[in-house]
Amino acid sequence: DLPGFEIGSAYQPGSGAMAGDFYDVFRVDEHRVAAVIGDVTGHGIEPSITALQAKYLLRAFLLQIRDPGQVLEQLNAQMSVLERGEEFISLCVLVFDTDAETLRYASAGHPAAFVWHSREVRPLGATGPLLMLSDRAKYHSRELAWGLDDVAVLYTDGLAEARRGEAMFGEDGVATMIRRDPTAAPDVMTKVLVEAARDFSGGPATDDLAVLVLRRRA
């Protein structure tokens, strides 16, 4: 329960009991709120453990460091020493400043998040590579305006990679669904996105899937 925000979320572990997808939303300080979504490659217990480690390290770093790009560099350095073979993490971090009315973000090879602002849907692309590829990887942040009634939509690749034969729902499919009703309540928008991907593929998701939608309110 974060005053000034409406939040909707969905989480499905796909065909397995354990999932490597994770998300988190929490207050950093009086004026800033962080939203995080990530995806660890693979299935089963090991990616789930890695996801938990990344999630709670992120909380610690975001409470200490203001810049999300520097946070990703710190997280990457910590997670890279684990040496877990072919395990990698895609991750997107958004920090909302309600006083400055800005959104600052960094993305480690994650599918593009989207922001509804000034009647436009804007993609938030990657600002660095996947985590755990190299302990020396560099990440930077970007900043944009974030006002009343603006919306941010984060998701993992289980949503965008819903398939119908060779065709994928894709980032374009996600953006199209946002444009259809950007004023929808976050819990409604979350449900619509998951159902649209399911309808596209003709069945429930087989991959891990997470969706997080935030709207700024007075």
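Hello everyone, and a word on conventions before we start. Because the model is predicted, local features need pLDDT of at least 70 and side-chain atom pairs count only at pLDDT 80 or more, while totals for chains, interfaces and linings use all residues. Residues are numbered from 1 along each chain as its sequence is written, and side-chain values use heavy atoms, with hydrogens and water left out.

Let's begin with the sheet. Five strands make an open sheet in the order E2-E3-E4-E5-E8, with antiparallel pairing. Strands here are DSSP runs of E with at least two residues, helices are runs of H or I with at least four, and both are numbered from the N terminus. Two strands count as paired if DSSP finds at least two bridges between them. At the edges sit E2 and E8 (142-145), each pairing on one side only. From one strand to the next, the twist averages 15°. Axes are lines fitted to C-alpha atoms, for helices over the stretch in contact, and angles run from 0 to 180 degrees between N-to-C directions. If you zoom in on E2 and E3, seven bridges join this antiparallel pair, and Asp24 stands opposite Val36 in E3.

Now the helices. H1 lies across E2, E3 and E4, and runs at about 20° to E2. H2 also packs on the sheet: it touches E4 and E5, and its direction makes about 30° with that of E5.

Let's stay with H2. Which residues of H2 are buried? They are Pro68, Gly69, Val71, Leu72, Leu75, Asn76, Met79 and Ser80. Buried means under 20% relative accessible area, exposed means over 50%, and partly exposed is in between, using a 1.4 Å probe and protein chains only. Seen down the axis, these buried residues fall within an arc of 150°, so they line one face of H2; the arc is taken over the directions from the helix axis to the C-beta atoms. Their cover includes H1, E4 and E5. Ser80 has a relative accessible area of 16%, and beyond its neighbours within four places in sequence it is in contact (heavy atoms within 4.5 Å) with Met132, Ser134 and Asp135.

On to the cores. A nonpolar core is a set of buried Ala, Val, Leu, Ile, Met, Phe, Trp, Tyr and Cys residues joined through side-chain atoms within 4.5 Å. The largest has 27 residues, and those touching the most other members are Phe22, Leu58, Leu62, Ile89, Leu91, Val93 and Leu131. Elements giving two or more residues to this core are E2, E3, H1, H2, E4 and E5. H1 provides the largest share, five residues. Apart from this core lies another, of 24 residues, with Ala160, Ala175, Ala196 and Ala197 among them.

One last stop, Glu101, in the loop between E4 and E5. Is Glu101 buried, partly exposed or exposed? At 39% relative accessibility, Glu101 is partly exposed. Its C-alpha atom is separated by 4.9 Å from that of Trp146, 45 residues apart along the chain. Not counting residues up to four places away in sequence, Glu101 touches Leu144, Ala145, Trp146 and Arg216.
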